[in-house]
Amino acid sequence: MTKREFYKSEEMRPVRKQINSSAICAYVCAGISLIAGLVIGNPLIIIDVILVVVCGLLVHLIQSRAAAIVLLVYSGINVIVGIIVNGRLQGWWLCLIGVYAVIYTFKFQKAWKEHKTLPQDYIV
(Lines give C-alpha, C1' and ligand atoms only; values in the text may rest on other atoms or scores of the structure.)
Protein backbone atom coordinates (compact mmCIF):
# COMPACT_ATOMS: atom_id res chain seq x y z
CA MET A 1 0.00 0.00 0.00
CA THR A 2 1.39 3.39 -0.96
CA LYS A 3 1.33 6.43 1.26
CA ARG A 4 -1.39 7.98 -0.93
CA GLU A 5 -3.54 4.85 -0.71
CA PHE A 6 -3.05 4.73 3.05
CA TYR A 7 -4.07 8.40 3.28
CA LYS A 8 -7.24 7.63 1.28
CA SER A 9 -8.07 4.56 3.37
CA GLU A 10 -11.13 4.43 5.60
CA GLU A 11 -8.86 4.12 8.64
CA MET A 12 -7.43 7.58 7.95
CA ARG A 13 -10.75 9.24 7.16
CA PRO A 14 -11.02 11.34 10.37
CA VAL A 15 -7.41 12.50 10.06
CA ARG A 16 -7.83 13.19 6.33
CA LYS A 17 -10.93 15.31 6.99
CA GLN A 18 -9.08 17.43 9.56
CA ILE A 19 -6.04 17.89 7.31
CA ASN A 20 -8.24 18.88 4.37
CA SER A 21 -10.29 21.23 6.57
CA SER A 22 -7.13 22.91 7.85
CA ALA A 23 -5.84 23.45 4.33
CA ILE A 24 -9.17 24.76 3.05
CA CYS A 25 -9.44 27.17 5.98
CA ALA A 26 -5.90 28.36 5.23
CA TYR A 27 -6.98 29.07 1.63
CA VAL A 28 -10.00 31.01 2.89
CA CYS A 29 -7.83 33.07 5.27
CA ALA A 30 -5.41 33.79 2.43
CA GLY A 31 -8.31 34.92 0.24
CA ILE A 32 -9.68 37.21 2.95
CA SER A 33 -6.19 38.65 3.48
CA LEU A 34 -5.81 39.24 -0.24
CA ILE A 35 -9.13 41.05 -0.51
CA ALA A 36 -8.45 43.12 2.61
CA GLY A 37 -4.95 43.98 1.38
CA LEU A 38 -6.23 45.07 -2.02
CA VAL A 39 -8.98 47.19 -0.46
CA ILE A 40 -6.52 48.85 1.90
CA GLY A 41 -3.99 49.22 -0.89
CA ASN A 42 -1.18 47.16 0.61
CA PRO A 43 0.68 45.38 -2.21
CA LEU A 44 2.95 43.53 0.25
CA ILE A 45 -0.01 41.41 1.32
CA ILE A 46 0.82 39.22 -1.69
CA ILE A 47 3.81 37.82 0.25
CA ASP A 48 1.53 36.83 3.12
CA VAL A 49 -1.01 35.27 0.79
CA ILE A 50 1.61 33.29 -1.14
CA LEU A 51 3.15 31.91 2.06
CA VAL A 52 -0.20 30.85 3.51
CA VAL A 53 -1.38 29.30 0.22
CA VAL A 54 1.87 27.39 -0.30
CA CYS A 55 1.79 26.05 3.27
CA GLY A 56 -1.88 25.11 2.82
CA LEU A 57 -1.12 23.32 -0.44
CA LEU A 58 1.76 21.37 1.08
CA VAL A 59 -0.37 20.35 4.04
CA HIS A 60 -3.25 19.44 1.74
CA LEU A 61 -1.37 17.58 -0.98
CA ILE A 62 1.53 15.88 0.79
CA GLN A 63 0.54 16.15 4.47
CA SER A 64 3.75 18.07 5.18
CA ARG A 65 4.59 18.43 8.85
CA ALA A 66 7.21 21.07 8.04
CA ALA A 67 4.66 23.21 6.19
CA ALA A 68 2.22 22.87 9.09
CA ILE A 69 4.91 24.02 11.52
CA VAL A 70 5.87 26.96 9.26
CA LEU A 71 2.20 27.94 9.06
CA LEU A 72 1.86 27.81 12.84
CA VAL A 73 5.05 29.78 13.51
CA TYR A 74 4.22 32.37 10.85
CA SER A 75 0.69 32.83 12.15
CA GLY A 76 1.98 33.10 15.72
CA ILE A 77 4.38 35.85 14.65
CA ASN A 78 1.52 37.61 12.86
CA VAL A 79 -0.61 37.51 16.00
CA ILE A 80 2.22 38.94 18.12
CA VAL A 81 2.99 41.67 15.58
CA GLY A 82 -0.71 42.49 15.28
CA ILE A 83 -1.00 42.92 19.03
CA ILE A 84 2.10 45.13 19.16
CA VAL A 85 1.24 47.28 16.14
CA ASN A 86 -2.54 47.55 16.43
CA GLY A 87 -3.04 46.86 20.12
CA ARG A 88 -5.63 44.16 19.48
CA LEU A 89 -5.80 40.45 18.82
CA GLN A 90 -5.92 39.66 15.12
CA GLY A 91 -5.00 36.71 12.93
CA TRP A 92 -5.79 34.15 15.58
CA TRP A 93 -7.87 32.06 13.16
CA LEU A 94 -4.79 31.24 11.13
CA CYS A 95 -2.97 30.34 14.34
CA LEU A 96 -5.76 27.92 15.24
CA ILE A 97 -5.64 26.45 11.73
CA GLY A 98 -1.89 25.97 12.12
CA VAL A 99 -2.38 24.12 15.41
CA TYR A 100 -4.85 21.71 13.80
CA ALA A 101 -2.58 21.24 10.78
CA VAL A 102 0.36 20.38 13.04
CA ILE A 103 -1.66 17.96 15.18
CA TYR A 104 -3.20 16.04 12.29
CA THR A 105 -0.18 15.94 9.97
CA PHE A 106 1.82 14.49 12.87
CA LYS A 107 -0.96 11.97 13.56
CA PHE A 108 -0.97 10.93 9.91
CA GLN A 109 2.80 10.60 9.68
CA LYS A 110 2.87 8.56 12.92
CA ALA A 111 0.12 6.24 11.63
CA TRP A 112 1.95 5.86 8.31
CA LYS A 113 5.21 5.01 10.10
CA GLU A 114 3.40 2.40 12.25
CA HIS A 115 1.71 0.99 9.16
CA LYS A 116 5.04 0.60 7.36
CA THR A 117 6.62 -1.22 10.31
CA LEU A 118 3.84 -3.81 10.56
CA PRO A 119 4.77 -7.26 9.27
CA GLN A 120 3.25 -7.92 5.86
CA ASP A 121 1.11 -10.73 7.36
CA TYR A 122 -0.91 -8.20 9.37
CA ILE A 123 -1.56 -5.76 6.55
CA VAL A 124 -4.93 -6.29 4.97
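Me: How far is the sulfur of Cys25 from the closest cysteine sulfur?
Reply: This is a predicted model. A disulfide requires two cysteine sulfur atoms within 2.5 Å. For Cys25 the closest cysteine sulfur is in Cys29, too far for a bond, and the distance is 6.8 Å.

Me: How many disulfides does a search of the whole structure find?
Reply: A disulfide is a covalent bond between the sulfur atoms of two cysteines. The sulfur of Cys55 has its closest cysteine sulfur in Cys29, at 13 Å, which is too far for a bond. Cys25 is likewise too far from Cys29, its closest cysteine by sulfur position. The number of disulfides found in the whole structure is 0.

Me: Is Cys55 buried or exposed?
Reply: Buried means under 20% relative accessible area. Cys55 has a relative accessibility of 5%, so Cys55 counts as buried.

Me: Which helix gives the most to the positive patch?
Reply: The positive surface patch consists of Lys3, Arg4, Lys8, Arg65, Lys113 and Lys116. Two or more of these residues come from each of helix H1 (3-8) and helix H5 (92-117). Lys3 lies in helix H1. With 3 residues, the largest contributor is H1.

Me: Which helix gives the most to the nonpolar patch?
Reply: Ile69, Val73, Ile77, Ile80, Val81, Ile84, Val85 and Phe106 make a nonpolar surface patch of about 750 Å². Ile80, which counts as exposed at 52% relative accessibility, is located in helix H4. The helix that gives the most, with 7 residues, spans residues 65-86 and is H4.

Note on methods:
Residues are numbered from 1 along each chain as its sequence is written. This is a predicted model: local features need pLDDT of at least 70, side-chain atom pairs count only at pLDDT 80 or more; totals for chains, interfaces and linings use all residues. Side-chain values use heavy atoms; hydrogens and water are left out. Patches are made of residues with over 30% relative accessible area and no salt bridge: like charges are joined within 9 Å, nonpolar side chains (Val, Leu, Ile, Met, Phe, Trp, Tyr) within 5 Å. Accessible areas come from the Shrake-Rupley method with a 1.4 Å probe; for residues, only the protein chains shown count as cover. A salt bridge is a side-chain nitrogen of Lys or Arg within 4 Å of a carboxyl oxygen of Asp or Glu. Lys and Arg count as positive and Asp and Glu as negative; His and the chain ends are not counted. The place of a charge is taken as NZ of Lys, CZ of Arg, CG of Asp or CD of Glu. Helices (H or I, at least four residues) and strands (E, at least two) are DSSP runs, numbered from the N terminus. Buried means under 20% relative accessible area, exposed over 50%, partly exposed in between (1.4 Å probe, protein chains only).
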